[in-house]
Amino acid sequence: MNLPEDLPKAELHLHIEGTLEPELAFALAARNGVTLPYADTDELRRAYLFSDLQSFLDVYYALTAVLRTEDDFAELADAYLARAAAQGVRHAEIFFDPQAHTARGVPLGTVVEGLGRALDRSEERHGVSTRLIMCFLRDQPADAAMETLDAAKPYLHRIAGVGLDSAEAGHPPSKFREVYEAAAALGLRKVAHAGEEGPPAYIREALDVLGVERVDHGLRAMEDPDLVDRLVRDRVPLTLCPLSNVRLRAVDVLEDHPLKAMLDAGLLATVNSDDPAYFGGYVGDTFHAVREALALTEDDLRTLARNSFQAAFLDDDEPRRARYLAEVDAYTFG
Ligand code: HPA
Ligand code: ZN
């Protein structure tokens, strides 16, 4: 039986560190001699009651302590790709946070080569094509982002683009104007988290000052009708993460999520899992949850799947995009 959540799709908003399941975290902690501040996986899972973005980030950064070797990063990414493939993902654009690792003394090369090893065999093993997107931590100084971009120069063949994540409030996109200019000059694609907790003005800044091609989240765009008009007119993709928005209290309950209204407004909305080990589901689970909560139609679901491939960074492989879109069109529900 073809379940709606098994629709072929691309995942465009996924932090690889956010796929660290409690079981793997404890296994890596044991292997690397790291002591976690939680007795076991049950106690860790009980810490997943977040009040906002920062309360989640505190746990997320604490758990990165178990990731130390190339093998660790390769194992993490391979586990994600297997799960994603099982939920209909054909193409994944994967964020990573170099500064969360270099700050702990793990070299950037260890992170990129480890992730790269899993990504290199992803098509063969899992049938999932991939891109890697390097995120800067916006709550760190712009200089640190520039140093990270510099340090990434030997690995640019593995990196498709740059992003901006971590604590949003008080850290507007404009803080990173120079870094994004430098990234563009290196031929990197540009995205940024904006409007997750921050105001619609941050979405405008991401577009106008950083020149991003996609907005990650963009949830709060709906507060600004002129901005919505612009996003519709310019077909700017939004990578929404509904389960994340509920867990981090940006929306009270999934039934209140603006996803359906965004689709109806003609926005190029996509559905993604953000940090699935923490937020209660991978992207197929997310499709299932929003379908139930928002009474999405089969047309809505197919539109979301088509949008994900339209918004993917596949410009260098249009035949592949066309194949994926044809797969969505050929999919029969039920
Ligand atoms: N928002 C901002 N930064 C992040 C997130 C998120 O959901 N996950 C990992 N870093
Ligand atoms: Zn995110």
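Biologist: What should I know about the model first?

Modeller: It is predicted: local features need pLDDT of at least 70, side-chain atom pairs count only at pLDDT 80 or more, and totals for chains, interfaces and linings use all residues. Residues are numbered from 1 along each chain as its sequence is written, and side-chain values use heavy atoms, with hydrogens and water left out.

Biologist: Which residues surround ligand 1?

Modeller: A residue is near a molecule if one of its heavy atoms lies within 4 Å of it. Here the shell includes His15, Tyr60, Asp165, His193 and Asp274. Helix H3 (residues 53-63) gives the most, four residues; helices are DSSP runs (H or I, at least four residues).

Biologist: Which polar side-chain atom lies 2.8 Å from a nitrogen atom of ligand 1?

Modeller: A polar contact is a pair of N or O atoms within 3.5 Å. Glu196 supplies that side-chain atom. A polar backbone atom of Ser166 is also 2.8 Å from a ligand nitrogen. For the side chain of His15, the distance is 3.5 Å.

Biologist: How many salt bridges does the whole structure have?

Modeller: Side chains of opposite charge can pair when their charged atoms come close. The criterion is a side-chain nitrogen of Lys or Arg within 4 Å of a carboxyl oxygen of Asp or Glu. The search finds 30. One of them joins Arg131 and Asp316, at 3.0 Å from N to O. These two residues are 185 residues apart.

Conventions
Chains are lettered from A and ligands numbered from 1 in the order in which they are written. A polar contact is a pair of N or O atoms within 3.5 Å; within protein, one must be able to donate a hydrogen and the other to accept it, and residues adjacent in sequence count only if both atoms are side-chain atoms.
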